[in-house]
Amino acid sequence: QPTLETLQPGEMSGSGFLERGQTLEQVLERDRKALEIMGYTNQEVADLIGPLNEKAVKKGSNFDYTAPNGKQYGVKIQAWRGIQGCPWRDRVDGRKSHGGIDMYLTEKGQSAEPVHIAGLVRHLAESHGFYEGGSFRVAPEKIVEMFGTERVPGSLEKVKELRI
């Protein structure tokens, strides 16, 4: 398990995996509760983001994407020179998740700010139940809202009450 120090800004990454003052346990527990409320598992959330990640890794440039729930997105890719490793220091399948890219998604027909999804999030969710806590965080409910369906009526609203 990574230490609090390795997850802070400036250690394994410039922006860190957690914000200062957060603990890994707090973030994991918050997201465990969110998944319980929504009726999803970490694997199911990782599976929702999986096709997007695979297309981004294969394509390596901007593309259009239709999510499993039918929503359509424009995806802009930011490629990095280096590769961000997993803070658990385990192997990341580069065909499924990639620590060298970030994705910025804008829903077609919407004017909202793009949603930033790090290329490593699928691996982190699938292998560690972690959706990050710092500036690269994409909460599991956001992934469900964007790519899935609400299984428990009102659960997406109820999850908003959870705090880290």
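A salt bridge is a side-chain nitrogen of Lys or Arg within 4 Å of a carboxyl oxygen of Asp or Glu. In this predicted model, R30, D31, R137 and E141 are linked in a network of such bridges. The report starts with these charged pairs, then turns to the sheet and the pockets.

**Salt bridges**

Side chains of opposite charge can pair when their charged atoms come close. The whole structure holds 10 salt bridges. The table lists some of them.

| Pair | Closest N and O atoms |
|---|---|
| R30 and E141 | 2.5 Å |
| R32 and E29 | 2.6 Å |
| K108 and D64 | 2.8 Å |

The pair of R30 and E141 belongs to the network named above. With R30 and E141 joined by a salt bridge, distant parts of the chain are linked: R30 sits in helix α2 and E141 in helix α5, 111 residues apart. Both R30 and E141 are buried.

R32 and E29 are both found in helix α2, which covers residues 24-38. They are 3 residues apart, about one turn of the helix. R32 has a relative accessible area of 41% and is partly exposed. E29 is also partly exposed, at 31%.

The salt bridge of K108 with D64 involves a loop and a strand: K108 lies in the loop between β3 and β4, and D64 in strand β1 (residues 63-66), so the pair ties together parts that are 44 residues apart in sequence. K108 is partly exposed, with a relative accessible area of 41%. For D64 the value is 48%, and this residue is partly exposed as well.

**The sheet**

Four strands form an open sheet in the order β1-β2-β3-β4, with antiparallel pairing. Its edge strands are β1 and β4, each of which pairs on one side only. On average, neighbouring strands of the sheet are turned by 35° against each other, direction ignored.

Strands β3 and β4 are joined in the antiparallel sense over 4 bridges. Within this pairing, D102 stands opposite A118 of β4, and L105 has V115 of β4 as its bridge partner.

In a regular strand the side chains alternate between the two faces of the sheet. Is strand β4 covered on one face or on both faces? Both faces of β4 (residues 115-118) are covered: V115 and I117 are buried on one side, and H116 and A118 are buried on the other.

Rolling a probe the size of a water molecule over the atoms shows where empty space is left. The largest pocket has a volume of about 250 Å³. It is lined by 19 residues, and the closest to its centre are S13, Q84, G99, D102 and F136. D102 is also the residue that stands opposite A118 in β4. The lining of the largest pocket consists of 7 nonpolar, 9 polar and 3 charged residues.

The second largest pocket has a volume of about 160 Å³. Of the 13 residues in its lining, Y73, E107, A112, V115 and K142 lie nearest the centre. Two elements, β3 (101-107) and α5 (140-147), each give two or more residues to this lining. By type, the lining of the second largest pocket divides into 5 nonpolar, 3 polar and 5 charged residues. V115, which is near the centre of this pocket, is also the bridge partner of L105 and one of the buried residues of β4.

Notes
Residues are numbered from 1 along each chain as its sequence is written. This is a predicted model: local features need pLDDT of at least 70, side-chain atom pairs count only at pLDDT 80 or more; totals for chains, interfaces and linings use all residues. Side-chain values use heavy atoms; hydrogens and water are left out. On a 1 Å grid over the protein atoms alone, a cavity is a set of points where a 1.4 Å probe fits but cannot get out, and a pocket is an open set with protein on both sides within 12 Å along at least five of seven lines; lining residues have an atom within 4 Å of a point. Grid points are joined across faces, edges and corners, and a volume is the space filled by probe spheres set on the points. Ala, Val, Leu, Ile, Met, Phe, Trp, Tyr, Cys and Pro count as nonpolar, Asp, Glu, Lys and Arg as charged, and the others, Gly among them, as polar. Buried means under 20% relative accessible area, exposed over 50%, partly exposed in between (1.4 Å probe, protein chains only). Two strands pair if DSSP finds at least two bridges between them. Axes are lines fitted to C-alpha atoms, for helices over the stretch in contact, and angles run from 0 to 180 degrees between N-to-C directions.
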